[in-house]
Amino acid sequence: MAGLKRRTSLGETGKQESIETLAKRLKEEEDLLVDGVYLDEESTTQITRLFKIIDTNSDGCVDISDFTLNGVLTGPLVEKWREVRDKFDYDGDGQVTMEEFRQGFKKMVLKLGCQMTALPQDSSIEGYIRALERHVNVQIQELCKSAYLWYER
């Protein structure tokens, strides 16, 4: 795969990028977008509340120990842990920090919000970003409220 080349929009100037380089650049741009989206106070509060519900041993991170029942790891709990780990453990250390959890929610909602491609009425990039931030915050609050019910069962 390393030998494959793909012409990008920069191709007119003769520059080519490998698929790996292009993927890395896209990831960096996605990270910039995620970092640039502001979470309002309500969204931050909701994410923190959900994190504390999942962090059953209150050690400040979510890991497999938060998914045991009387010290026993059962099938359904293993599946819950895998789902959380796969969505939020970005550094792969087996623990989800509050920052990873917050970033994960933003990424998840931004991916869901990709259908929101039309610019708002004022058609400025600033207007689009404000609309995107409103969309992200509303979706995060709704997701957190649904998740409370699921985790508090």
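The exercises below go from the whole chain to single residues and pairs.

This is a predicted model, where local features need pLDDT of at least 70, side-chain atom pairs count only at pLDDT 80 or more, and totals for chains, interfaces and linings use all residues. Residues are numbered from 1 along each chain as its sequence is written, and side-chain values use heavy atoms, with hydrogens and water left out.

**Exercise 1.** Work out how many helices and strands the chain has, and in which pattern they follow each other.

*Solution.* Start with the labels: helices (H or I, at least four residues) and strands (E, at least two) are DSSP runs, numbered from the N terminus. Counting them gives five helices and four strands. Now read along the sequence, and you get β-β-α-α-β-α-β-α-α.

**Exercise 2.** Find the largest nonpolar core and say which elements give two or more residues to it.

*Solution.* First, the terms. Buried means under 20% relative accessible area, exposed over 50%, and partly exposed in between (1.4 Å probe, protein chains only). A nonpolar core is a set of buried Ala, Val, Leu, Ile, Met, Phe, Trp, Tyr and Cys residues joined through side-chain atoms within 4.5 Å. The largest one here has 25 residues, and Val 62, Phe 101 and Val 136 are among those with the most contacts inside it. Next, look at where they come from: helices H2 (41-54), H3 (75-88), H4 (98-112) and H5 (125-151) each give two or more residues. H5 provides the largest share, seven residues. As background, nonpolar side chains tend to be buried together in soluble globular proteins.

**Exercise 3.** Decide whether Val 96 is buried or exposed, and list what it touches beyond four places in sequence.

*Solution.* Locate Val 96 in strand E4 (residues 96-97). Its relative accessible area is 0%, so Val 96 is buried. Leaving out residues up to four places away, Val 96 touches Phe 51, Cys 61, Val 62, Val 84, Phe 88, Asp 89 and Phe 101. Take Phe 51: it sits 45 residues from Val 96 along the chain, yet their C-alpha atoms are separated by 9.4 Å.

**Exercise 4.** Classify the aromatic pair of Phe 88 and Phe 105 as stacked, tilted or edge-to-face.

*Solution.* Rings of Phe, Tyr and Trp (its six-membered ring) pair if their centres lie within 6.5 Å; planes under 30 degrees apart are stacked, over 60 edge-to-face, and the rest tilted. The whole structure holds five such pairs. For comparison, Phe 67 and Trp 81 are tilted, at 5.7 Å centre to centre with 50 degrees between the planes. Phe 67 is in the loop between strand E3 (61-62) and H3, while Trp 81 is in helix H3. Phe 88 and Phe 105 come out stacked, with 5.6 Å between centres and 25 degrees between planes.

**Exercise 5.** Find the partner of Glu 79 in a salt bridge.

*Solution.* A salt bridge is a side-chain nitrogen of Lys or Arg within 4 Å of a carboxyl oxygen of Asp or Glu. The structure holds four. Glu 79 pairs with Arg 82, the closest N and O atoms being 3.0 Å apart. Both lie in helix H3, three residues apart, about one turn of the helix. Glu 79 has 47% relative accessibility, so it counts as partly exposed; Arg 82, at 38%, is partly exposed too.

How values were computed. Contact = heavy atoms within 4.5 Å.
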